[in-house]
Amino acid sequence: MQSPAAILEESKTRRRPHPAVLVLLGCLGAATIFGAVQLAFLCDDAFITFRYVSNAHDGHGLVWNPPPFRPVEGYTGFLWALVLWATWAWFGVEPPAAANVLSIGFGVGLFAVTALAALRLRGRDRQLLPPAVALATLAVVVSNRTFLQWMTSGLETALFNLMFVGWVLLAFRPGTRRDTRWLAIWSAAAAGAALTRPDGLLLVAATAATACVAVLRRERRLGQALAGLLPLVLVLAHIAWRRAFYGEWLPNTYFAKVVAPWPEAGMRYLFCFGFENGAWLWLPIAAAWLAVECRRGLATVQRALLDNLPAAAAVAAVVVHTGYYVLRVGGDHFEYRVLSQLIPLGALAVAAMAARMRPGAALAIACVAAIGLASSVGWLHLALARTLPAPHYDPIMARVPEWMQPLARWYDRHAAWLQVQLINQRCDQHAKSLAGLVVHMPPERARMAADPADLPVAQYAAVGYAGWALPDCAVLDLLGLNDWVAARTPTSQWNALFLPKQFLDTVLPAADTDHDGRSSRDELRAAFAQLPLSTAETAKGFAELVLLLFAVEQWDSLTVAEVQRFAAFVANLRFMAHDRVAPPDYVKALDPNVTVENRKVIVRKRAVPLTADRVHAIEAEWREKIESRPGR
């Protein structure tokens with residue numbers, strides 16, 4: 001509890017915001033909502049959660065396919081699914097209609113939490129900074145494309161970001177105000193993050209570890225620590241339920257997506273994020289701040305860390321979380337989704353560090369303004385570049401001044417590398433993909449009575465909207481997000497089916513028809529035109545892509561060594577969240593018999609009916625095969 005002296009000191013340093021500041025905050029909040037609505041989209045993966053919610057609403061629980069199929073946890077947002085389920089059950093609003101409204105609401109909550117933290121920023125003299133610093137910081141956050149983009153999508157991102165950022169900001173509460181109530185709220189934020197995404201387990205571990213250290217240092221009694229950590233019991237209960245219901249400690253999506261460490265992809269993902277969001281400026285500002293802090297003496301720094309252990313734990317958690325996705329996972333299939341929580345945290349950190357380096361508001365405002373200006377690249381990309389599916393890539397290099405072209409080419413090369421391997425796929429591309437899927441599905445959800453003597457099964461690679469549109473038939477997820485067997489099937493040896501090995505071994509090396517030691521743009525187009533089902537447009541797209549990725553000495557042709565590097569690149573291609581494929585014999589055993597033709601559902605009568613007993617036998621047989629595999 002705070003002492004009377006501490007309460008008096010705190011009351012002296014607090015002040016009510018001026019009415020003009022409140023008006024400006026309201027305008028920024030309105031701009032947040034407006035920007036989110038303008039960029040609003042739904043993606044196919046959101047409909048995966050919607051299908052789980054639909055099955056729960058029908059009384060089957062959170063399952064992908066109802067019994068007799070075994071439950072599989074192919075969604076990543078448990079708390080988000082519960083929110084959508086409750087909204088449907090209580091208000092009759094189905095997930096596709098409710099998701100973005102709820103998500104924007106959580107985004108507004110994130111704006112409010114960020115605004116509160118910005119208004120509490122303090123300078124070197126421990127006095128509150130002028131409101132101009134808070135308003136400038138918030139303006140930079142609200143004007144950031146990534147921040148606004150991930151206030152929608154139908155995924156759990158906005159809810160997770162609210163919990164994650166809220167947890168980090170609570171960690172910076174002054175020591176005099178870190179009582180048991182604060183610990184309970186901090187634990188609740190960590191629990192909320194962990195229930196929303198498995199990533200939040202990192203926050204739970206950091207919270208528990210920090211509380212244990214506080215007990216060992218006799219800063220908090222054991223009973224007080226246990227009382228403050230009570231919300232974490234919800235996380236333990238959820239883990240126990242997951243294990244009992246799904247039979248796994250982690251969601252099925254982990255096994256489908258995380259195949260092997262992929263730092264070469266993750267670093268490119270991080271570089272592109274920094275380039276588009278101005279995050280590269282965070283590093284020199286942080287380095288300057290660190291130098292200033294170290295000048296005060298290592299003993300002072302160490303004492304500050306020990307006195308502010310929750311804040312140190314929060315910073316470490318942010319670094320570890322980012323590092324995990326960059327070095328282990330390789331980024332994300334979606335455009336900066338897993339780094340989007342860094343936007344408000346980065347802006348607040350820059351303002352706080354600048355204020356510590358120099359008294360007054362000038363340096364803090366200048367630093368956040370520089371971040372805001374640098375992050376305009378994200379909007380520039382949206383305005384200049386067309387989002388095209390691979391092998392086509394629309395570079396921004398040709399649309400910028402000549403002096404910027406080397407830097408733009410560096411960015412384009414990394415962005416194209418990511419796109420080829422289905423990493424950092426743009427949100428507008430996801431929206432277009434969903435629109436393309438919708439036009440092939442029934443205009444309304446096709447409810448039907450499943451025949452228990454011959455269970456209907458459909459198969460899809462993009463399963464989200466298909467699963468939502470066909471709620472009463474089992475859907476086999478060929479890529480494994482929602483299928484236990486496919487998620488644990490080893491990757492194939494040659495993933496680039498659109499570029500056959502024979503082509504790379506014979507046709508491409510012979511592209512240099514004039515034998516000048518270089519394959520020109522026209523020669524490459526002619527070579528790629530020999531691919532099966534190739535068109536002039538795809539041949540052009542492949543040629544431009546290869547030149548962008550591997551032409552170093554000259555931008556319009558490839559040397560023999562550069563052609564060889566491209567062939568090696570293709571031979572080792574991976575595809576984010578698309579590396580796993582259901583075994584053909586497994587698919588054949590389930591014998592999918594449901595198709596959609598002219599937006600009508602067609603159910604084929606099988607020669608050998610698929611009964612519940614057959615489903616049990618097929619799943620048991622394939623699980624036994626995989627579990628008995630060496631290395632399991």
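**Aromatic clusters, helix faces and salt bridges**

Modeller: One aromatic cluster is formed by Trp262, Trp417, Phe503, Phe528, Phe542, Phe550, Phe566 and Phe569. The model is predicted, so local features need pLDDT of at least 70 and side-chain atom pairs count only at pLDDT 80 or more, while totals for chains, interfaces and linings use all residues. Residues are numbered from 1 along each chain as its sequence is written, and side-chain values use heavy atoms, with hydrogens and water left out.

Colleague: Where do phenylalanine 160 and phenylalanine 164 lie, and are they buried or exposed?

Modeller: Helices (H or I, at least four residues) and strands (E, at least two) are DSSP runs, numbered from the N terminus. Both phenylalanines lie in helix H8 (residues 157-171), four residues apart, which is about one turn of the helix. Buried means under 20% relative accessible area, exposed over 50%, and partly exposed in between (1.4 Å probe, protein chains only); phenylalanine 160 and phenylalanine 164 are both buried.

Colleague: What is the geometry of the pair phenylalanine 528 and phenylalanine 566?

Modeller: Their ring centres are 6.3 Å apart and their planes stand at 80 degrees, so the pair is edge-to-face. Phenylalanine 528 lies in helix H26 (residues 521-528) and phenylalanine 566 in helix H28 (residues 560-571), so the pair ties together parts that are 38 residues apart in sequence. Phenylalanine 528 counts as buried at 0% relative accessibility, and phenylalanine 566 is buried with a relative accessible area of 4%.

Colleague: Which residue lies over the face of tryptophan 262?

Modeller: A charge sits over a ring if NZ of Lys or CZ of Arg is within 6 Å of the ring centre and within 35 degrees of the ring normal. Arginine 574 lies over the face of tryptophan 262, at 4.1 Å from the ring centre, and arginine 488 lies over the face of phenylalanine 255, at 4.1 Å from the ring centre.

Colleague: Turning to helix faces, which residues of H15 are buried?

Modeller: An α-helix has 3.6 residues a turn, so residues three or four places apart point the same way. In H15 the buried residues are Trp282, Ile285 and Glu293. They cover an arc of only 75 degrees around the axis (taken from the directions from the helix axis to the C-beta atoms), which puts them on the same side of H15.

Colleague: How many salt bridges does a search of the whole structure find?

Modeller: A salt bridge is a side-chain nitrogen of Lys or Arg within 4 Å of a carboxyl oxygen of Asp or Glu, and the search finds 24. Arginine 337 forms one with aspartate 332, with the closest N and O atoms 2.9 Å apart, and both residues are buried. Aspartate 451 and lysine 605 meet in another (3.9 Å, N to O); aspartate 451 is partly exposed, with a relative accessible area of 33%, whereas lysine 605 counts as exposed at 64% relative accessibility.

Colleague: Which residues are linked in a network of salt bridges?

Modeller: Arg145, Glu276, Glu335 and Arg426 are linked in this way.

Notes. Phe/Tyr/Trp six-rings, centres within 6.5 Å; stacked < 30°, edge-to-face > 60°.
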